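Let's take a walk through this structure together, one piece at a time. Have the sequence and the 3D view ready.

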Amino acid sequence: MPKNLKLLFLILTVGTGLFLSAPARAFTAPKISNANYSGKFVAQLLPDPIALTVGETKEMAVRIKNTGKTTWTKNTANYVSAYTVGPNNHKSLFATSSWLGPDQPAKIQNTTKSGQVAEVRFKLTAPNEPGDYEENFYLAAEKASWIKGTRFYFKIKVVLPPQTADLLPTSTDPPVASSTREMVAEPSIRVGLYKAIGPVQFKSEFPYQVYAGRVLKGELPAGATATFTYKKGIAYFKGGDLEFNLSQDAIRLEPDNFNNYFTLVNYQRKLAYRGSQNFNTYRGAMEFKYSPKSRAPFVVNELPLDLYLRGIAETSNESAIEYVKAIIIAARSYAYYQLKNGVPAEARVYDVVANTADQLYLGYNSELTLPRVAKAAQDTYGLMVTYNSKPVVTPYFGHSAGQTLTWKKVWGGADKPWLKSVSAFYDTGEKLYGHGVGLSAQDASGRASQDGWTYDQLLKYYYSGVEIEKVF
């Protein structure tokens, strides 16, 4: 393998580790010596950033499509495997004993013909230095060529385990607030958009991989329209060069990058106070899946949690920014709680619905019309409301009659200690609008715009005894 690719990232050495001190620069691919080898990244098992505690090991998997003319093999002299790059063949800080070598994590899982998707699966072990890392890989056909277009990389956050906090060096400097909380990987969320009574038409300016259950059927080209229908227990798909049906599992369309978006062409979702804007465009993946509860297929949008937050429309674009951030953090905490509690994930069609029964989610077009809301989601990435170090459910509502209500008062059962009744000054004289538990939108907006309250002040006021912590 070539050994002299110039290092294109600005880095500094921390102990024996490479710690990113600035965003990675544009990546230059290794020299390709055989044009018949080419590929395209499809997906990875865990989204970035991948959270690892010092010494922790996690398994990763990536899928890469063979777009060349040559079949990729696993057991011949020209077998295909992954190598570290940037620089080429460097000894990885994340290598484990299961790797083929310190610069070579694994071979592809199966022989992969042109048009098929290969999977590379291997483990990463965190080094001893905490920090933010990036590790780059490229596929290569042994003794033949690097494979054009097959770069993949992981952004990795290495943190100290909680119990090591007391072992950190002491200092005579004033104490600085910090957290040794172990980060989790950003989860994906499944949003039930609507029950499909008739045909569903899908279109994107990006290519999408089409799956029948877990079986890859092929690719829907950019600009092509696909149609989903359902009749007597059978789901049908037709789009591009593909046409098939199945009686179980879901039909899934997945992008190469979850930032990509699609439009549900024949779906009308308009709001009276938003004029003629149709909110029918969404980032990420789409599934057409039968719901036993609804006795009909549901259109489900799956995407990373914080991309979902960018499409939330629970406040206006003109509201005080600290109030907007408070609403976004409460919305993130609420959504995360739904992911981790209730019906087991494998038994539910979706995690939340796209209306105010959970949270008003309008997708990509909402990002365009509410850019300050989308920016607030980015600026508060991973922040949640926690009680006793655990993310908790954080209901919010329109306005109270001057006093918020407790969980038990409204929904019965045991009270939740962070949901106490508090005064809502800016709601005085109003009638209750909403359930009344947790954060009052009108009162919080007034405190932010009139009194200069920050998002953490707001959240700690309406949710008693909580902390605002970065969870991922």
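**A covered strand and some packed helices**

Start with strand 6, residues 80–85: six of its six residues are buried, so the strand is largely enclosed by the rest of the structure. Keep in mind as you look around that this is a predicted model. Buried here means under 20% relative accessible area. You can check both faces of strand 6 in turn: Val80, Ala82 and Thr84 are buried on one side, and Ser81, Tyr83 and Val85 are buried on the other.

Who sits beside this strand? Strand 8, residues 131–141, pairs with strand 6 in the antiparallel sense, over six bridges.

Now hop along to the helices. Helix 2 (residues 321–340) and helix 4 (residues 371–379) have axes that come within 9 Å and cross at roughly 65°, and the crossing is right-handed. On the helix 2 side, the contact is made by Ile321, Val324, Lys325, Ile328 and Arg332; helix 4 brings Arg372, Val373, Ala376, Ala377 and Asp379. Sort the residues of this contact by type and you get six nonpolar, four charged and no polar ones. As for the spacing along a helix, an α-helix has 3.6 residues a turn, so residues three or four places apart point the same way.

Helix 2 turns up again at our last stop, helix 6 (residues 441–451), whose buried residues pack against helix 2, strand 26, strand 27 and helix 7. Those buried residues are Ala441, Asp443, Ala444, Ser445, Gly446, Arg447 and Ala448. Just after helix 6 comes glycine 452, with a positive phi of about 75°.

Definitions and conventions:
Residues are numbered from 1 along each chain as its sequence is written. This is a predicted model: local features need pLDDT of at least 70, side-chain atom pairs count only at pLDDT 80 or more; totals for chains, interfaces and linings use all residues. Side-chain values use heavy atoms; hydrogens and water are left out. Buried means under 20% relative accessible area, exposed over 50%, partly exposed in between (1.4 Å probe, protein chains only). Helices (H or I, at least four residues) and strands (E, at least two) are DSSP runs, numbered from the N terminus. Two strands pair if DSSP finds at least two bridges between them. Axes are lines fitted to C-alpha atoms, for helices over the stretch in contact, and angles run from 0 to 180 degrees between N-to-C directions. A crossing is left-handed if the near helix is turned anticlockwise from the far one by less than a right angle, and right-handed if clockwise. Contact means heavy atoms within 4.5 Å. Ala, Val, Leu, Ile, Met, Phe, Trp, Tyr, Cys and Pro count as nonpolar, Asp, Glu, Lys and Arg as charged, and the others, Gly among them, as polar.
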